[in-house]
Structure formats: structure tokens, C-alpha cells
Amino acid sequence: MRKTLAALPLALSLSACQVPLDIEREPVDFVRLGSPNTPPVVGKLDRGVRTFIEGPNGNPVEIGGARCVFKSSQFKAELISPSWVNFPQTKGRPEPL
């Protein structure tokens with residue numbers, strides 16, 4: 001009985017671990033919206049975007065298929081998570097998304 005109770009916390013902590021979903025989609029590029037204040041793009045920064053919900057035990061659980069929109073007055077990107085996104089690197093300070 002003691003060995004079973006001692007193994008229970010380990011089993012519970014391992015059940016909280018999850019394997020991230022594979023990103024199978026092509027990378028998504030931002031679209032320039034034509035704002036006159038848009039600074040020039042000097043590069044791209046690839047980042048994975050994932051969505052999570054709170055699971056029944058309070059831990060985050062990754063979900064796939066969520067539609068996401070990143071938008072500022074200068075750029076916009078639409079994707080379905082999980083996905084890679086090519087964030088624009090600009091000269092000067094960009095507006096927040």
C-alpha cells in the first residue's frame with residue numbers, strides 16, 4: 001500500500017506532461033496593410049503559435065484548429081493553430097499587435 005501511495009504523485013505529475021501538436025502547415029506571412037506609417041521590413045522572425053485552454057485540473061491543454069488573427073494598423077496575419085508565423089522585423093518601432 002505504501003509503495004502505491006508513493007508512486008501516485010509521480011504518476012499524477014507525469015500525466016500533466018503532454019506532447020506538443022505537430023505543426024504541419026506552411027509558415028504564414030504577415031500582409032502589409034498599406035498604412036503610411038509602416039516602417040520598411042528588414043527581415044522575418046519565424047515563431048510557432050499555439051493555443052491552449054485550461055484543462056480540468058487547471059493545467060494548460062493545447063488545442064488545434066483555433067483560428068487566430070494578428071492585426072495592427074500596419075500588418076495582419078490569419079492562421080489556424082498550431083502554425084509557424086513569419087513575424088516582420090521592421091526598421092524603427094512597429095505598432096503593437
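Tutor: The following dialogue goes from the whole chain to its core and then to one residue. Please keep in mind that this is a predicted model.

Student: How many helices and strands does the secondary structure of the chain come to?

Tutor: The chain has 1 helix and 8 strands. Read from the N terminus, the order of the elements is α-β-β-β-β-β-β-β-β.

Student: Which residues make up the largest nonpolar core?

Tutor: This core consists of 9 residues: V28, F30, V49, C68, F75, A77, L79, V85 and F87. Strands β7 (75-80) and β8 each contribute at least two of its residues. The most come from β7, which supplies 3 residues.

Student: Let us turn to a single residue. Is T90 buried or exposed?

Tutor: T90 has a relative accessible area of 15%. The cut-off for a buried residue is under 20%, and T90 is therefore buried. In the secondary structure, T90 belongs to strand β8, residues 83-90.

Student: With which residues is T90 in contact, leaving aside its neighbours within four places in sequence?

Tutor: With those neighbours set aside, T90 contacts P39, P40, V41, V42 and F75. One of these, F75, is also a member of the largest nonpolar core.

Notes
Residues are numbered from 1 along each chain as its sequence is written. This is a predicted model: local features need pLDDT of at least 70, side-chain atom pairs count only at pLDDT 80 or more; totals for chains, interfaces and linings use all residues. Side-chain values use heavy atoms; hydrogens and water are left out. Helices (H or I, at least four residues) and strands (E, at least two) are DSSP runs, numbered from the N terminus. Buried means under 20% relative accessible area, exposed over 50%, partly exposed in between (1.4 Å probe, protein chains only). Contact means heavy atoms within 4.5 Å. A nonpolar core is a set of buried Ala, Val, Leu, Ile, Met, Phe, Trp, Tyr and Cys residues joined through side-chain atoms within 4.5 Å.
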